[in-house]
Every structure is written in C-alpha cells, then in structure tokens.
Amino acid sequence: MKKIFGRPRSLKAAPYHYCPGCGHSIVHRLVAEVIDEMDMRGSSIGVPPAGCAVLAYFYFDIDMIEAPHGRGPALATGVKRVLPKHLVFSYQGDGDLAAIGTAESFHAANRGENITIIFINNAVYGMTGGQMAPTTILGQKTTTSPPGRTPLLDGYPVRISEILAQLRGSAYIERCAVNSPAAVMKTKRSIRKAFQYQMDNRGFSMVEILSPCPTNWKMSAVDACKWIDEVMTKEFPLGVLKDIGAKEAGKEKQS
Amino acid sequence: MQGNCVIGEAAIRAGCCFYAGYPITPQNELTEYMAENLRKADGGVFIQSESEIAAINMIAGASAAGARAMTSSSSPGISLKQEGISSMAACELPGVIVNMMRGGPGLGNIRPSQGDYFQATRGGGHGDYRTIVLAPATGQELADLTMDAFDLADKYRTPVMILADGMMGQMMEPVVFRKPKPRQYPDCYVLKGAGDGKSKFIRGLILDAIEMEEHNWKLARKYNLISRQETRCEIHEAKDAEMMIVAYGTAARVAKGAIRRLRGMDLKVGLFRPISLWPFPTRELRELSEHIKHFIVFEMSTGQMLDDVRLALQGFANIDFFGRPGGVVPTPAELSNVVSRRYPQKDAYVDRFLRFKVVEGPFGP
C-alpha cells in the first residue's frame with residue numbers, strides 16, 4: 001500500500017505544548033515538510049528563539065541551537081559562515097525579531113546573510129502572557145495596553161518586513177498567513193522558495209507568517225482566524241515584498 | 001609587535017578561524033588585524049558586527065558549528081557581551097573573549113585600568129557560572145596565553161577571557177610564537193546537521209527546576225575541577241622576602257620595577273603575580289604566607305582582587321592595599337615609595353631610608 005500522508009521525518013513524535021488554535025504547530029510542520037522535500041534533514045540547523053517556540057528543539061528532528069532573546073540572526077550568521085552549505089534558519093516571533101532583536105535582523109538582512117528567518121507575527125508577546133508587541137495593531141487591547149494601543153503613548157505597529165525589503169542585502173521576503181487551508185499551502189510554497197533561495201546563495205530570505213494566538217487575543221480559534229483576515233491583514237497586507245529572482249526574470253523578459 | 005596584534009596572530013596560529021567584533025578603543029588594532037589577516041587564512045571568517053551583542057552571539061554560533069572562535073572588546077563593550085557569555089557558559093560552548101580594560105564605570109575613559117576584575121572573575125553575566133580568566137603581563141604572554149585560552153576553552157567547553165588593559169594592548173614587545181598544540185575537540189559536541197542519524201540540540205533553557213539544578217551542579221563540578229587544575233601564578237623574588245606585592249597584568253610590571261628600587265634600598269620585597277585570575281591561585285598564595293607575613297595588594301582599581309587575597313590570607317598574614325583607579329598608571333617610583341613606607345618595621349634601630357644600619361638590634365635581625 002502506498003503511504004500518502006505521514007509525520008515528516010524532520011519532526012519528532014512529540015505532542016506540541018502549544019495552545020489549541022496556535023499557528024506555531026502548523027508552521028513547524030510546514031518547515032519540517034519542506035526540509036524533507038528538499039532532502040535537507042541531515043544538513044539543516046535551526047535556531048529557535050526565546051518565546052513560545054523556544055522548545056522547538058523538542059519537536060524538530062534536526063540539529064538546533066537555542067539563541068538568546070532576539071539574537072537568532074547573529075547566531076545563525078555564525079553557524080552559516082562556518083557551514084556555508086547547510087540550510088540554516090532562525091525561527092522568531094515579533095518581539096524577538098522586531099523589538100529586542102531589531103539590530104540583529106536588520107543587519108543580517110543588510111549583510112545579505114545567506115540565512116532564512118521564519119517570522120511568526122501574532123501581534124502579542126505570547127509566552128509571557130499577551131503583552132503589547134511591536135506588531136500590536138492600533139486599538140488592540142493587551143495586558144500592557146489595557147485601553148488599546150494608542151499611537152501617542154505606544155507608537156505604531158512595525159512593518160518590519162517592509163523595512164527589511166528596502167535593504168539591498170535581502171533577496172526574498174513574503175508575508176503569508178496560516179488561518180485557512182489555502183493560506184497554509186501558500187505559506188508552505190513561500191518557505192520552500194525562501195529555503196531554495198538560501199541554497200542557491202542568493203542572500204537573505206524571510207517569510208513573515210500572520211499566526212493566530214487565540215489564548216492571548218481572548219478569542220475562539222475560529223474567531224482568531226477571522227481576525228487575521230479582517231484586522232491583521234489590513235495593517236500587514238499579504239504578498240511578496242521582495243523577490244530578486246522575479247525581478248531578474250522580469251528584466252530578462254524586457255531585454 | 002604590538003600587543004593587540006600579538007593576540008590576533010596567536011589566535012590565527014592557534015587555529016581560530018572565526019572572529020566577530022565591534023570597534024572600541026583601546027583594542028581596535030586587534031579587530032583590524034583580524035580583518036586583514038584572518039580573511040587571508042583558509043576558511044577564515046571575519047565579521048564586523050553591528051554590536052557587541054551580535055558579535056558574541058556570532059561566535060557562539062560559529063563555536064557550536066565547530067570553529068575556534070574569538071571576539072574582543074574593551075570594558076563597556078564587554079558589559080554588552082555578558083548576555084552571550086552567560087549563554088555560552090550555560091550551553092557549554094568554547095570561545096575566547098579578549099577584554100582590553102579601560103577606565104570606568106560607564107563610558108569612563110580609554111586609559112589603562114583594572115576595574116573589570118570583579119566582572120571577569122565573578123562570571124559577569126547573570127546566573128551561576130564562572131569564566132576562566134587569564135591575565136598576561138608581557139607581549140610573550142599575550143601570545144602564549146591566547147593559545148592556551150583556546151585549548152582551555154575546548155578542554156572545559158567554556159568561554160575563556162583574556163583580561164589585559166589598554167597599556168598591554170598598545171605596547172610593543174618582541175614575541176616568539178610557539179607551535180600550537182593540535183586541536184582536540186570531540187565531534188559529538190559539534191552541530192553539523194543530523195546526517196542520517198539522531199539530531200542534537202544545544203540549549204540553556206531548562207524549565208524543569210530539578211533538571212536545571214542538576215545542570216547547575218554539573219557546571220559547578222566542572223568549575224571545581226578547573227579550580228583544582230588550572231591555577232597559574234608567577235612568584236618573583238620570594239625566597240628572602242619579608243613583604244610581597246600581589247599584582248597582575250600591567251600593575252605587576254610596575255611592581256617589578258618598584259621591587260628593583262626597593263631591593264636597592266635593602267627592602268626584601270617580592271611579587272606574587274596571579275596569571276589565572278579565575279581560578280585564583282589561592283593555595284599558592286597561602287603557601288607563601290607560611291614564611292611571609294606581609295602582603296600589599298596593588299591594583300589599578302580601588303581594590304577588587306584585594307577580596308580574593310583576603311579570602312586566601314585573612315588570618316594568615318597582614319594585608320595592605322594600594323590602588324590607582326580611573327586610568328592612572330602609577331610609576332615604579334610611586335609604588336616603591338608607598339611600599340617602603342608600609343614595609344614592616346622589624347627593628348627599631350634600623351633606618352632603612354638611609355640604607356644604613358645604625359646598630360644591631362637587641363632582638364636580632
């Protein structure tokens with residue numbers, strides 16, 4: 001009998017600790033599936049962050065090294081420079097990437113560091129209990145913005161992907177979501193493309209994934225998925241923000 | 001060769017193939033040396049990082065991937081690196097960190113100082129850990145101890161710090177580079193992809209308290225082993241000494257000059273120079289106190305190593321202190337004046353300042 005569905009080899013047979021309705025487990029699986037499809041399990045190194053995904057090394061069956069909060073891109077840089085033929089990715093949340101680790105992600109992108117960042121944007125600090133994140137939407141209530149985020153006191157949501165796309169070192173940046181089966185499939189294609197760019201030595205790649213956090217958004221899982229479509233994507237529009245491959249292809253067509 | 005460059009050359013010869021750093025005076029020549037020379041070496045990687053924090057994390061990554069890695073900075077930059085040093089200690093990653101100390105606290109100044117002794121020898125970052133700290137006092141030692149630092153880091157899988165100051169970094173001295181030992185580092189600690197086998201992970205986060213406690217005790221046992229095996233010191237002119245200066249690094253050089261003057265005044269002064277600041281050579285110092293009862297600690301700080309000397313000698317000998325913080329380097333003349341005034345008066349009839357014995361004392365010499 002032909003096996004048509006199973007657990008990816010790059011995932012351990014361990015139950016996730018994530019809350020029901022959380023996007024992390026979906027993204028873990030997608031990353032693992034892509035690694036399997038690319039036949040890279042044996043030469044991949046992942047860098048989990050501080051945050052909900054800190055225990056990713058219990059789930060991924062690949063070599064991993066934990067980074068201090070925000071330092072994933074720096075640590076991944078060190079690994080990648082020593083092992084340039086390996087697939088090296090940093091897995092980070094919004095606080096990790098766009099607040100405490102802004103410098104590390106910005107400069108890794110600017111150096112055109114040949115790594116991939118899997119960026120989970122759920123608009124809150126999930127692990128610490130739902131505090132305001134750099135990506136918290138205006139008006140969104142969190143434990144540290146009880147009346148809702150106001151620009152006057154709290155500033156604006158950071159569109160870090162748009163910022164990194166401006167840098168000449170970045171090769172591929174796309175914003176996706178995992179709130180519907182179609183979105184999940186699209187995200188998987190995006191991760192595959194990012195990893196492929198890395199293996200082709202094209203430079204820095206990042207996939208931002210709008211991911212539901214029903215627990216801290218205080219919603220049902222279904223409502224959380226709807227909220228992504230109705231609110232989050234207004235602030236963080238989905239789509240490709242940078243793709244040097246497409247640009248090159250476009251130029252070829254013109255000439 | 002200039003001190004900073006000596007460290008760079010010794011590191012490259014020891015097989016360091018990864019360096020990340022951020023500019024800060026007085027150690028820029030080391031970063032520049034690595035930029036120039038490490039990139040020429042086969043497989044050598046030099047990265048000018050965006051911050052000290054990024055630099056230490058880059059070497060953590062490189063170290064995990066199996067490279068001999070180094071970063072360097074000076075006092076304020078080392079404060080920034082502490083997060084990463086603590087993390088490397090927790091994850092048991094080898095690495096070499098050079099601190100060319102300058103005046104502090106805060107931004108302080110860029111003059112030579114020894115104000116980071118506590119930070120270096122007490123771990124420095126958060127959590128229950130130590131780093132091996134080596135304090136060179138000559139150009140030759142900068143070379144030798146840099147090579148040793150890489151070996152020690154591998155042997156104990158822990159970050160090792162070279163603690164010197166702006167003076168050591170800027171000074172030029174002739175140096176002979178010895179042949180480095182071949183690297184011995186088991187493959188099982190290196191991340192290089194799972195291949196067809198089992199995957200591994202390196203982590204410092206251990207949520208279960210009992211498991212974390214066990215990890216702490218494991219580290220503690222390692223630190224105890226280091227304390228027993230890796231103390232280093234130099235004992236100079238101690239045979240007939242009645243008083244010992246205890247000093248390290250640049251201060252020890254000043255002390256040697258002062259001792260020449262003091263000996264000229266017939267004052268029997270020697271030098272105890274810790275080379276490993278952690279582990280501190282407590283046993284060696286206490287052995288000295290069996291026949292020498294007067295010690296004066298001399299530091300370019302307000303008194304930090306003084307604590308370790310007290311822990312070693314309290315109740316065994318008299319402990320005095322002289323220090324100049326803030327980037328002041330006292331001359332041997334100044335130190336010899338201080339020491340001569342505090343030299344133990346054994347005999348009421350001897351005027352040592354005239355270098356002339358008046359009468360043999362009734363209680364013998």
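Reply: One term comes first: two strands pair if DSSP finds at least two bridges between them. By that rule β12 (residues 294-299) of chain B pairs with β13(B), because six bridges join them, and they run parallel. The model is a predicted one.

Me: Which residue of β13(B) stands opposite B:Glu299?
Reply: B:Glu299 belongs to β12(B), which covers residues 294-299. Its opposite residue in β13(B) is B:Gly323.

Me: Which strands are the edge strands of the five-stranded sheet of chain B?
Reply: The sheet is open, its pairing is mixed, and the order is β8-β10-β9-β12-β13. An edge strand here pairs on one side only. The edge strands are therefore the two ends of that order, namely β8 (233-236) and β13 (318-323) of chain B.

Me: Which helix packs on this sheet and touches β13 of chain B?
Reply: Helix α9 (residues 249-264) packs on the sheet against β8, β9, β10 and β12 of chain B, with its direction at about 170° to that of β10(B). Another helix packs on the sheet by touching β9, β12 and β13 of chain B, and its direction makes about 160° with that of β12(B). That helix is α11 (residues 305-313) of chain B.

Me: Is strand β6 of chain B mostly covered or mostly open, and how many of its residues are buried?
Reply: In a regular strand the side chains alternate between the two faces of the sheet. On one side of β6(B), B:Pro159, B:Met161, B:Leu163 and B:Asp165 are buried, and on the other so are B:Val160, B:Ile162 and B:Ala164. The strand, residues 159-165, is mostly covered, and the count of buried residues is seven of seven.

Me: What is the handedness of the crossover from β5(B) to β6(B)?
Reply: β5 (residues 132-134) and β6(B) pair in the parallel sense over three bridges, with B:Val133 partnered by B:Met161. Between the two strands the chain passes through helix α6 (residues 139-156) of chain B, and this β-α-β crossover is right-handed.

Conventions. Residues numbered from 1 in each chain as written. Chains lettered and ligands numbered in written order. Predicted model: local features only at pLDDT ≥ 70, side-chain atom pairs only at ≥ 80, totals over all residues. Buried ≥ 20, exposed ≤ 12 C-beta atoms within 10 Å, placed from the backbone. Helix = DSSP H or I, 4+ residues; strand = E, 2+ residues; numbered from the N terminus. Right-handed = clockwise from strand over helix to strand, strands pointing away. Contact = placed C-beta atoms within 7 Å. Axes fitted to C-alpha atoms, helices over the stretch in contact; angles between N-to-C directions.
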